[in-house]
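Open the structure in your viewer and keep the selection tool ready. This tour goes stop by stop, with something to select at each one.

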Amino acid sequence: MQITFIRHAETTGNLAGVWQGHGDSPLTDRGRSQAAALGGRAAVGEFDRVVSSDLGRVLETARLAGLEPEADPIWREISLGDWEGLTSTEIAERYPDELAALRGGEDVSLLGGESTSELGERVDAAVAGIREQAGDDEHVAVLTHGGFIQTVVARHLGLPGRPRPVVLGRLGNTSLTTLEYGDGVTMRVFNDAGHAGGPDRPDPPGTLVALVRHGETEGNIEGRWQGLTDGALTVRGREQAARLAASFDGLDHVYSSHLQRARDTAAALAAASGTGLTVRPDLHELHFGEWENLTPEEMRSGWKDEWEAIYVHDRDEPRGLTGETADALGRRIAGAMAEIAAAHPGGSVGAVTHGGAIRAYAAHVVGLPFDNRSHLALPGNTEVTQVALAPGGPILASYNTRPGR
């Protein structure tokens, strides 16, 4: 089953920088536009069930999006006690020690409100209740709050209670985050706010890099793990690249892997953005060694022990005996991103690369070990993952978003 978590639209409290918690404030004009845009997304009409927080800002978002949720206080934002209705500046002035403890990852009880662990327990109970009631093929929408969704994602990725630096970006108003529940939990999409203008810029200012997987190839259709094997885009792949390019605005530069499938996708993106294109060989896909351009079935049959070591026993060994590890791939892409960010401080750039490379780098950013890699879905063709390279370190701003999804 799948659950798509949707944050409410912008409120006057959000605009003023107020910590709302169980308090409430009305939607802004922009928030009402965001909610209407949310309702225009095709997937919104495909949910089998819709539930929500019972707070006014969430219910108003649902109404304007054309949704009729079952409201329940279990989906509310964290209760902030005496902090509710205050700005960050006011909280820092009145409660400096408590705020420092919270930002340091301590389990702070918020002066009459909830502690972070209490919120986590409520989140777990709410999600477990939905999972018990839903069928395997059902898709449930949950309209709720930013802190609630961040807690869901952090707990499923194994990040609860971690101190700063923060590794997950601030959720955009009306953004969608989709988790798939089966034997485990897989994050399919994080912070998809394309209909509302995309994720927020990093704070403090940094460089926002849109990592894009190339368009479809024949190897993708045949289920081959291409690695460094080159090949062209299919007709559908070129159409995907054109749609992607039409959705971007304001890129300062575009970078690409040296492989043709990435270069052709990047060329469309650079042309539409009216900017330059630089090829970086270090943006290439995972090197599969002797497994290059084979299907998983061919790998398993020819290298049974090596396959099971990696994909059964979760040991991050060189692929195909002579290839790369996922950890090495993540570090390679991280090095490229650091150099790109240094070349474009405060800018917005595109980097067209490959599915395995994007997942390995995202895992590197959030500190996800190899044996938990399945918590991140493999990006689809021309899906976009944005990373904010801020002074305090990289932040996963969004994952696997797609224009026109």
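Begin with the second largest pocket. Select Leu286, Gly355, Gly356, Arg359 and Leu378, which lie nearest its centre among the 33 residues that line it. Keep in mind that this is a predicted model.

**Stop 1: the second largest pocket**

Colour α13 (326–343) and α14 (355–366) next; these are the elements that give two or more residues each to the lining of this pocket. Which of the elements gives the most to the lining? It is α14, with 6 residues. The volume of the second largest pocket is about 730 Å³. Now colour its lining by residue type.

**Stop 2: Arg332**

Stay with helix α13 and select Arg332, which sits in it. Is Arg332 buried or exposed? Its relative accessible area is 17%, and the cut-off for buried is under 20%, so Arg332 counts as buried. Show its neighbours, leaving out residues up to four places away in sequence. Arg332 touches Asp282, Leu283, His284, Glu285, Leu286 and Glu324.

**Stop 3: Thr382**

Move on to the loop between α14 and β11 (384–390), and select Thr382 there. Check its backbone. Most residues other than glycine have a negative phi. Thr382 has a positive phi of about 60 degrees, although it is not a glycine. Thr382 is also buried, at 5% relative accessibility.

**Stop 4: Asn191**

Go to strand β6 and select Asn191, which has its place there. What is the phi of Asn191 near? It is near 60 degrees, a positive value in a residue other than glycine. Asn191 counts as buried, with 0% relative accessibility.

**Stop 5: the largest cavity**

Counting cavities of 30 Å³ or more gives 1. The largest cavity holds about 40 Å³ of space. Select its lining: Val153, His156, Leu157, Leu179, Val185, Thr186, Met187 and His375. Two elements to colour here are α7 (146–156) and β6 (185–192), which give two or more residues to that lining. The largest share comes from β6, with 3 residues. By type, the lining of the largest cavity has 5 nonpolar residues, 3 polar and no charged.

**Stop 6: helix α10**

For the last stop, select residues 260–273, which form helix α10. This helix has 14 residues. From its first C-alpha to its last, α10 reaches 20 Å, close to the 20 Å expected at 1.5 Å a residue.

Now show the side chains of Arg261, Ala262, Thr265, Ala266, Leu269, Ala270 and Ser273, the buried residues of α10. Look down the helix axis. These buried residues fall within an arc of 155 degrees, so they line one face of α10. An α-helix has 3.6 residues a turn, so residues three or four places apart point the same way.

What does the buried face pack against? Colour α9 (235–247), β8 (253–256), β9 (277–279) and β10 (348–353) to see the partners of the buried residues of α10. Finish just after the helix, at Gly274, where phi takes a positive value of about 65 degrees.

Notes. Residues numbered from 1 in each chain as written. Predicted model: local features only at pLDDT ≥ 70, side-chain atom pairs only at ≥ 80, totals over all residues. Heavy atoms only, no water. 1 Å grid on protein atoms, 1.4 Å probe; cavity = no way out; pocket = protein on both sides within 12 Å on 5 of 7 lines; lining within 4 Å. Points joined across faces, edges and corners; volume = space filled by probe spheres on them. Helix = DSSP H or I, 4+ residues; strand = E, 2+ residues; numbered from the N terminus. Nonpolar A, V, L, I, M, F, W, Y, C, P; charged D, E, K, R; others polar. Expected span 1.5 Å × (residues − 1). Buried < 20%, exposed > 50% of the residue type's maximum accessible area, 1.4 Å probe, protein only. Arc of directions from axis to C-beta. Contact = heavy atoms within 4.5 Å.
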